[in-house]
Structure formats: structure tokens, C-alpha cells
Amino acid sequence: ALNKRIMGEQAHVPYRNSMMTMVLRDSLGGNCKTKMIATMNPAGEDIYESLSTCRFARRVAKISNDIRKNEVADPAIVIERLKKENSELKAEIAMLRGGEQKDHLEPEDIEKCKKTVDEFIQNKDPSATIVFPDR
């Protein structure tokens, strides 16, 4: 059944109903990188079992998994990130429009800059940035 899936056919994979199969479900054709280790006994009385193991390992080697990153984004974090990006872009647009340019800072502007820099220094978040909008 897994070989048919490789060829692009929609095939039901008949998993056994056991705890080990449930644990290995993703590895058996799902969203995991999987390694196959086949061990054989060179003794003559085990030749048929060794051949069967080789055939099984050859079939397993043809299996291709579609691996995707399992990531669930927290909506609050995404919203905060988008708000931050939005404010940065607004500040950039205001700067590019060449609004009112000043040669000096007013005392209230200096105080606001000091406060913003202090908050940035105290912040432990490595992705923190400083954005100074044009009012």
C-alpha cells in the first residue's frame, strides 16, 4: 500500500491496531524523517528470513515522506508582530515623504528619545527594535 502511495495513487495504508504502530504512525509514511535498519543473520538456516528482510528493506527504501514543519502560530504573537511591522512601515513612509524636517530636537523630543532608548536597553527580547516615528 505504501508503494502505491509513492506512485501517486490514493491507497489506504492498513496499519495494525497496536500501540507500537500508533507511536510510529508518522514515521510509517507521514511527516517524519525515517531511517530503516535491516539486520540479517548469515547462518544458513536463516537464509529465507534474511531474504525476506532484504525484500522488505528494498520496499521501505522506496517510500518517500512529505515532510512539513509542525508549527502552530499563536495569534497574539502574530498580531503583535504585524502591529510592530505596521508601525515601522508607517515611520518609514513618513520619512520617505519628507515631511517636516527639523535641525534640532525640542526638549520633549529629547526626553521621549531617552525614554525609548532606556526601554530598549532594559528589554531582554533579542528581536526588539527601536522605531522613532515622525510624530
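## The overall layout

The chain holds 5 helices and 0 strands, and its elements follow the order α-α-α-α-α from the N terminus. Here helices (H or I, at least four residues) and strands (E, at least two) are DSSP runs, numbered from the N terminus. This is a predicted model, in which local features need pLDDT of at least 70, side-chain atom pairs count only at pLDDT 80 or more, and totals for chains, interfaces and linings use all residues. Residues are numbered from 1 along each chain as its sequence is written, and side-chain values use heavy atoms, with hydrogens and water left out.

## Inside and outside

How much of the chain is buried? Of its 135 residues, 8% are buried. A residue is called buried under 20% relative accessible area, exposed over 50%, and partly exposed in between (1.4 Å probe, protein chains only). The chain exposes about 12200 Å², and carbon and sulfur atoms supply 55% of that area. Such areas come from the Shrake-Rupley method with a 1.4 Å probe; for residues, only the protein chains shown count as cover.

Contacts (heavy atoms within 4.5 Å) tell us about the chain too. Among those with a separation of 6 or more, 54% join residues 24 or more positions apart.

Patches are made of residues with over 30% relative accessible area and no salt bridge; like charges are joined within 9 Å, and nonpolar side chains (Val, Leu, Ile, Met, Phe, Trp, Tyr) within 5 Å. A salt bridge is a side-chain nitrogen of Lys or Arg within 4 Å of a carboxyl oxygen of Asp or Glu.

Which residues gather in a patch of positive charge? They are R55, R58, R59 and K62. Lys and Arg count as positive and Asp and Glu as negative, while His and the chain ends are not counted. Each charge is placed at NZ of Lys, CZ of Arg, CG of Asp or CD of Glu. K62 sits in the loop between α3 (47-61) and α4 (75-96), and K62 counts as exposed because its relative accessibility is 53%.

The other patch is nonpolar: V117, F120, I121, I130 and F132 make a surface of about 400 Å². F120 belongs to helix α5 (residues 107-122), and F120 is partly exposed, with a relative accessible area of 34%.

## Pairs to find in the model

Start with R68, in the loop between α3 and α4. R68 is exposed at 52% relative accessibility. Its C-alpha atom is 8.3 Å from that of C32, although R68 and C32 are 36 residues apart along the chain.

Next, find E85 in helix α4, which is partly exposed at 42% relative accessibility. E85 and V131 lie 46 residues apart along the chain, with 10.0 Å between their C-alpha atoms.

Finally, look at S52 in helix α3. S52 has a relative accessible area of 36%, so S52 is partly exposed. From S52 to M40 the C-alpha distance is 9.7 Å, and the two are 12 residues apart in sequence.
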